[in-house]
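Reader: I would like to go through the labels on this model one by one. Please show me the structure, and then I will ask what stands behind each term.

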Amino acid sequence: MRRWLLLALATLALGVLAVGGAGELLSRPVRPAVGLPPADLQAETVRIDYSGIEQVLGWQVRGRPGAGAILLLHGVRSDRRQMTQRARFLHRLGYSVLWIDLPAHGESSGDRITFGARESLGVKAALGYLEREMPNAPIGVIGVSLGAASTVLAGQDPRVRAVVLESMYSTIDDAVANRLKHYLGPLGTSLAPLLLWQLPMRSGIDTAQLRPVAQVGALHAPVFVISGSRDWHTTPAETQQVFEAAGHPRELWIVEGAAHVDLHKFARVTYEDRVGSFLAQYLRPH
């Protein structure tokens, strides 16, 4: 009995150490070499200043006049390159496209990943840039995971007429618990509070700020919620909650067989058909 108790305590101690290291790793900025813009799109690099000292960098390609503009936002620990295939698809439809590195990712500034809180400031800056550059163009946003949460946490913007939210967590509490449970088993759920406790210390962000499900209804734009049926990061039940919290009009697509993956790559033909139709419906010029 004593040996089993010691083993359990040792396992718990190792779990605590692992979670402590994970907290540092998950919030650390990601700075890969992004490289040159895609030559086939004739895209240009843009630099958008905000908050006095911060900036986001991205790529932009112009579309047909009056066709609308789409802002693309990548997932956590990735960068703008994750969205380049979506940019190609949307540009073929005639849209202007801006795809950026979120704060603390790629070439954008930022000292900590904050799971949507400060990243939302980069989203606001990018939307402001689009309005200045194309003041009469209807705007759509496609956000993946962190990009989706950042979009919702940025709040309502009257310039945005359509929003696609892919694989978005409902609350940071659920997101952390799901990941720890997957990697550590039932013990992981009990360690979730320890990882969440680190967030204010490392980034100054309160977990109460990271509840997209509570804010998605305030977007006041048509919303298309998409996630995979086998996504253990954001379960189908949590995706359903996000969908039900969204305002009208709204659409839901649970991609059969998909995990927490690039849903455009996983189901390219259906994705381009459904997302393309959604955007065309709501980004028509008034």
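Author: What follows is a set of questions on aromatic pairs, ring faces, a helix and a cavity. The model is predicted.

Reader: How many aromatic pairs does the structure hold?

Author: The structure holds four aromatic pairs. One of them joins Trp 59 and Trp 99.

Reader: Where in the chain do Trp 59 and Trp 99 sit?

Author: Trp 59 is in strand β2, residues 54-61. Trp 99 is in strand β4, residues 96-100. They are 40 residues apart, and the pair links distant parts of the chain.

Reader: How do you know whether Trp 59 is buried or exposed?

Author: Its relative accessibility is 2%. Buried means under 20%, so Trp 59 counts as buried.

Reader: And why is Trp 99 given its label, buried or exposed?

Author: Trp 99 has a relative accessible area of 0%. That is under 20%, so Trp 99 is buried.

Reader: Which residue lies over the face of Trp 59?

Author: Arg 80 does, at 4.7 Å from the ring centre. The distance cut-off is within 6 Å, so Arg 80 meets that part of the rule. Arg 250 lies over the face of Phe 243, at 4.8 Å from the ring centre.

Reader: Which residues form one aromatic cluster?

Author: Phe 224, Phe 278 and Tyr 282.

Reader: How do you know that the length of helix α3 agrees with its residue count?

Author: Helix α3 covers residues 119-133, which is 15 residues. Among the buried residues of α3 are Val 123, Leu 127 and Tyr 129.

Reader: How many cavities of 30 Å³ or more are there, and what lines the largest?

Author: The count is one. About 30 Å³ of space lies in the largest cavity. Its lining includes Leu 165, Met 168, Val 225 and Thr 239. β7 gives the most, with three residues. β7 (223-228) and α8 (236-245) each supply at least two.

Reader: What is the make-up of that lining by class?

Author: The lining has five nonpolar, four polar and no charged residues.

Technical notes:
Residues are numbered from 1 along each chain as its sequence is written. This is a predicted model: local features need pLDDT of at least 70, side-chain atom pairs count only at pLDDT 80 or more; totals for chains, interfaces and linings use all residues. Side-chain values use heavy atoms; hydrogens and water are left out. On a 1 Å grid over the protein atoms alone, a cavity is a set of points where a 1.4 Å probe fits but cannot get out, and a pocket is an open set with protein on both sides within 12 Å along at least five of seven lines; lining residues have an atom within 4 Å of a point. Grid points are joined across faces, edges and corners, and a volume is the space filled by probe spheres set on the points. Helices (H or I, at least four residues) and strands (E, at least two) are DSSP runs, numbered from the N terminus. Ala, Val, Leu, Ile, Met, Phe, Trp, Tyr, Cys and Pro count as nonpolar, Asp, Glu, Lys and Arg as charged, and the others, Gly among them, as polar. The expected span of a helix is 1.5 Å times one less than its number of residues. Buried means under 20% relative accessible area, exposed over 50%, partly exposed in between (1.4 Å probe, protein chains only). Rings of Phe, Tyr and Trp (its six-membered ring) pair if their centres lie within 6.5 Å; planes under 30 degrees apart count as stacked, over 60 as edge-to-face and the rest as tilted. A charge sits over a ring if NZ of Lys or CZ of Arg is within 6 Å of the ring centre and within 35 degrees of the ring normal.
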